[in-house]
Amino acid sequence: MKHTISVLVENTAGVLSRITGLFSRRGFNIDSLAVGITDNPDISRVTIVADGNEHDVEQLAKQLNKLVDVIKVQSLDQEQLISRELWLVKISCTPDKLSELKNITEVTGAKIIDVTPETVTLEISDWGAKLMNFKALIEPFGILEMVRTGVVAIERGAGGIGRK
Amino acid sequence: MKAAEAVAKCLKKENITTVFGYPGAAVCAVYEAIEKEGIRHILVRHEQNAGHAANGYARVNNTPAVCIATSGPGATNLLTAIATAYMDSIPVVFITGQVSSDSIGRDVFQEADITGASEPFIKHSFLVKEAASIPKIFKEAFILAGTGRKGPVLIDIPEDIAEEEIDFKYPEKLSIRGYKPTTKGNKLQLKRCAEAIAESERPLICAGGGVLLSGATEELYALSEKISAPIVTTMMGIGSLPTEDERNLGMIGRFGKEEANIAVNKCDLILLIGARVGDRAVKSPTFIEKTTKIIHIDIDPAEIGKNLTADIPVVGDVKNILSALLDVVSERDVPLWTTKKEDNKEKTLAEKLVKRVSERLSDGGIFVSDVGNHLITAANNVSLKKGARFFTSGGMGTMGYALPASIGAYLASGKDTVAFIGDGAFQMSLQELATVKQHNIPVKIIIADNSSLGMVRDYQKAKNLKEFAVSLDGSPDYLKLADAYGIKSALVDEESDIDEMLDNFLSAKEPFIILCRTE
């Protein structure tokens, strides 16, 4: 089962290596990991999507909590989270196919951000199934290159990590 | 003052009077400062042993001890000592010199990324980037090493930073945002413990190293009396109560006492106290989960549920929890149940020697065992009176631990200290005989000599493998070796030698080596 875990960490050198080291050392499998600074420049926020049973995820959270650089760990309820991932995708696309592609971007909410006579670069921000659907739609064009940010997530409603 | 002087001042503020180490170019400024500050330095003959010596020292005082090494190989030689301290939750602050900050990452002479290398088995580490942060880093390091689940912490100080001028002000108090160990037990959980104890017919206490680390031996004994429960220990828990006490059923596990393991199988409630359910102590946790109700008390929440699922987990400091539990638990006015039986097995010479020596240890005396077959002999035959201690490298099983650890243990305690060492392990640390001699440290060393790596040999035999690479032919004559170092020695060949020799052995004001041949 997929679990999404938010982690607030000290924004110091070495913190990411401590976290990733922990994963490999304790044998946790990570689907994605995204890191960025928060509104407080001293604190970064890491979003981890991990696959595993309840016991594994509980251990993962406990082991993360033991790291001194980790300030707070919260396992987000799958029902109660808003998650997004940003993709940049470069595909083959000649001008004659552009209108077909425009239909796809309109339906999926993707944006065309760069065009050459042979290629188009697309940007999309969405979540899980919708992104997979987008991928299926553009695959026939031929994907040349693709980059994903990894999932970031936040709790729905007024509550949140470090807030009650 | 110079940042290096600030380092020595920080150590003074933390009441450090003795450090163990090995100097080198990158850490010379720090050495100069500790000399000026009047801190005693014990020069070892290998950095790893400085770490083990600090380990022994820390275990006596239950507060952080300090070990210093230089950059590169000096630092990497500490790795085994760091891992050893980590596995047994021993508070040691490791200080390493590092190459100049502008050289870091250029692979200059004696450069090694020690914070990176030690990361998998250290509680926390610091690479000092600003000289002014030294007082704060040291304060944090001592807090981290000595509180919560204790453990090793490393401070890596680049050579140029040690020479910078700073204003010294040591923080009195400090809060670390990401570090808030739970020390007090949850009241509701304690109530549940009391209920479970009241309902049980055969409660059993299993005392781990956490009992000693939190200084809770009195509370442990009081609880055992109040709820009429016998006590088994893990290897790290040996010495939680006197060996010959009727409540003590001995060490559990694969190499433990039969009666201790039977007790684990027979009890209907087990209180695991400061024990992490290591694989050597509890081979099949799932069996216990099925047959027994489990209360698990530990300072580290990650240990609860890691190897075994507890019915009632209680997170916090063992001493706090046991005193709180003593207040809520009702007295069980029933006779103590037991699995103890008469031990009629014929003992070997080494077993007899361990028993006779250890039972003579004064209050606060320490029996340090190295790792190998002789550790099993030691663990099952030491006979400790109240207050006597038993040290070994329990989690990591580090050969070569006992001699340097006994040096640290003696310097911290000033009490009888015996190192019991197999000939394999002895040859991993025998260079420290020079340290013993140089500082006239009156540790008593027993070499259990079977001319082979006995534990590996037995393992090969059990697995029907060919006996291979376990013969220690070529080993020196240990009595001559002792002589070469100017250390007195004697051979114990038969039982009658033991008592005659023991009269002078422990009381000698200088180091002494006993050689005992074993199987």
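1. Ground rules. This is a predicted model, where local features need pLDDT of at least 70 and side-chain atom pairs count only at pLDDT 80 or more, while totals for chains, interfaces and linings use all residues. Residues are numbered from 1 along each chain as its sequence is written, chains are lettered from A and ligands numbered from 1 in the order in which they are written, and side-chain values use heavy atoms, with hydrogens and water left out.

2. The two domains. Chain A is split into domain 1 (2-76) and domain 2 (84-152); such bounds come from an automatic or database domain assignment. Taken over C-alpha atoms, the centres of the two domains of chain A are 30 Å apart.

3. How they touch. In chain A, five residues of domain 1 are in contact with four residues of domain 2, contact being heavy atoms within 4.5 Å. About 300 Å² is buried between these two domains, 65% of it on carbon and sulfur atoms. Buried area here is the accessible area (1.4 Å probe) that two parts lose on being put together, summed over both. On the domain 1 side, Ser32(A), Ala34(A) and Thr47(A) supply 77% of the area buried against domain 2, more than any other three residues.

4. Polar links. I count one residue pair in polar contact between the domains of chain A, both residues at pLDDT 80 or more. A polar contact is a pair of N or O atoms within 3.5 Å; within protein, one must be able to donate a hydrogen and the other to accept it, and residues adjacent in sequence count only if both atoms are side-chain atoms.

5. Which strands are involved. Strands S2 (30-37) and S3 (43-51) of chain A each supply at least two residues of the side of domain 1 that touches domain 2. S2(A) gives the most, with three residues. Strands (E, at least two residues) and helices (H or I, at least four) are DSSP runs, numbered from the N terminus.

6. Most residues other than glycine have a negative phi. Asp107(B), not a glycine, has a positive phi of about 55°, and Gln110(B) likewise has a positive phi of about 55°. Asp107(B) sits in the loop between strand S4 (92-98) and helix H6 (114-118) of chain B, and Gln110(B) is also in the loop between S4 and H6.

7. Exposed or buried? Asp107(B) is exposed, at 70% relative accessible area, whereas Gln110(B) is partly exposed, at 27%. The classes are buried under 20%, exposed over 50% and partly exposed in between (1.4 Å probe, protein chains only).
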